[in-house]
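Thanks for coming. I will take one structure and go through a few local features in turn. Please have a look at it first.

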Amino acid sequence: MKNDHVVLVADCDHPDIDIEKRVLADVCRELPWLNCRSEDEVIAQCAEAEGLIIMYAPLTRRVMQHLKRCKIIARYGVGVDTIDLKAAAEFGIIASNVPDYGTQEVSDHALAMMLCLTRKIAMASSLVKRGQWDFRLMQPVFRHQVQTIGVIGMGRIGSAMAQKTHALGMRVLAFDPYLKNLDRIPDYVTLVSLEELLRESDVVSVHCPLNEETRDLLDEARLGLMKPTAYLVNTARGNIVNEVALEKMLAEKRLAGAALDVLASEPGRVDHPLFKHDNFLCTPHMAWHSSESAQELKRKAAEEVRRVMRGEAPLYKVN
């Protein structure tokens, strides 16, 4: 077996790459671990790579023009907005992701955020710690079995979120213009337009990819369609929700609350305008994480590169 392929980890924030090294041991003698964060750094350090594993490194058309030997770019994670997919296809480079490593974790996190908002757990805990032991301060709280959730994006994670909220007894609406196989939509999910979903839902949970069509999908006009008693949860990508518009909605009490695991610019700065609102929750892009999912992510990204280096077909090609 040829083991002298040039495979690089262009960047990642993991504590080690031991799993990747084990997976790729039979196709590359070494697995250099770089810290490329800019186009120029990728060009300078990765020009000879046949395979790249990336996290945040920008793989733009300009970068790919210099990757003359590259066969595959595998991204740690589901989102591939850091890769110019059209350019990759034109240059004959496979772009892949790991779409199924954190399905349960992200949907669990979205569900937990929803429950924290709808049951007002964070607010109640904060008040109790300040000496205010009075459930009436949390009113109104509504029974989930009379509530409607709107799921934006019915891929793996959105479908899991729909299933879990249906188990609570919630009515489930969904919007996904990219659906190709309507037969896989469960009977308990009603497909509607985005506008109807926003008007009807008591909770809106975002699970779509970030692309040019979904950037600022939830702008001021669309957020303005939501009920003043409704909540917004986003565990997908920060730029899908317009944060300026969301802050305005919260300031004007036109939404009951919001919870984000992702921001347009990460890490979020401490003076972020949204952070001043008591009915706003934020976690540090951790919805994907568990000990098990972290290991699965690393293993599957490396396995995808290994397949291509061995002349096999990739499992998770996205371009």
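Is Trp288 buried, partly exposed or exposed? Trp288 counts as partly exposed, at 23% relative accessibility. For these words, buried is under 20% relative accessible area, exposed is over 50%, and partly exposed is in between, with a 1.4 Å probe and protein chains only.

Two remarks on the basis. This is a predicted model, where local features need pLDDT of at least 70 and side-chain atom pairs count only at pLDDT 80 or more, while totals for chains, interfaces and linings use all residues. Residues are numbered from 1 along each chain as its sequence is written, and side-chain values use heavy atoms, with hydrogens and water left out.

Now the aromatic rings. A search of the whole structure gives two aromatic pairs. Rings of Phe, Tyr and Trp (its six-membered ring) pair if their centres lie within 6.5 Å; planes under 30 degrees apart are called stacked, over 60 edge-to-face, and the rest tilted. Trp288 pairs with Tyr101, with 6.2 Å from centre to centre and 55° between the planes, and this pair is tilted. The two partners are 187 residues apart: Tyr101 sits in the loop between strand E4 (94-96) and helix H5 (103-118), and Trp288 in the loop between strand E11 (280-282) and helix H11 (291-309). Helices (H or I, at least four residues) and strands (E, at least two) are DSSP runs, numbered from the N terminus. Tyr101 is buried, at 9% relative accessible area. The other pair is Phe275 with Phe280: the ring centres are 6.1 Å apart and the planes are at 25°, so this pair is stacked. Phe280 is buried at 8% relative accessibility, whereas Phe275 is partly exposed at 32%.

His285 is partly exposed, at 27% relative accessibility. As background, most residues other than glycine have a negative phi, and most peptide bonds are trans.

Which residue in the loop between H5 and H6 has an entry of this kind? That is Lys120, with a positive phi of about 55° although it is not a glycine. Lys120 is buried, with a relative accessible area of 11%.

H5 gives the largest share of the lining, three residues, and H5 and helix H6 (121-129) each supply at least two.

Next, the cis peptide bonds. The bond from Gln139 to Pro140 is cis, with omega near 0°, and Pro140 lies in the loop between H6 and strand E5 (148-152). The bond from Glu266 to Pro267 is also cis, with omega near 0°; Pro267 is in the loop between strand E10 (257-260) and E11.

Cys46 is buried at 0% relative accessible area.

Last, the region of Lys298. The side chain of His14 makes a polar contact with the side chain of Lys298 at 3.0 Å. Such a contact is a pair of N or O atoms within 3.5 Å; within protein, one must be able to donate a hydrogen and the other to accept it, and residues adjacent in sequence count only if both atoms are side-chain atoms. His14 lies in the loop between strand E1 (7-9) and helix H1 (18-24) and is buried at 12%. Glu20, in helix H1, has its C-alpha atom 6.2 Å from that of Lys298, 278 residues apart along the chain. Glu20 is buried, with a relative accessible area of 0%.
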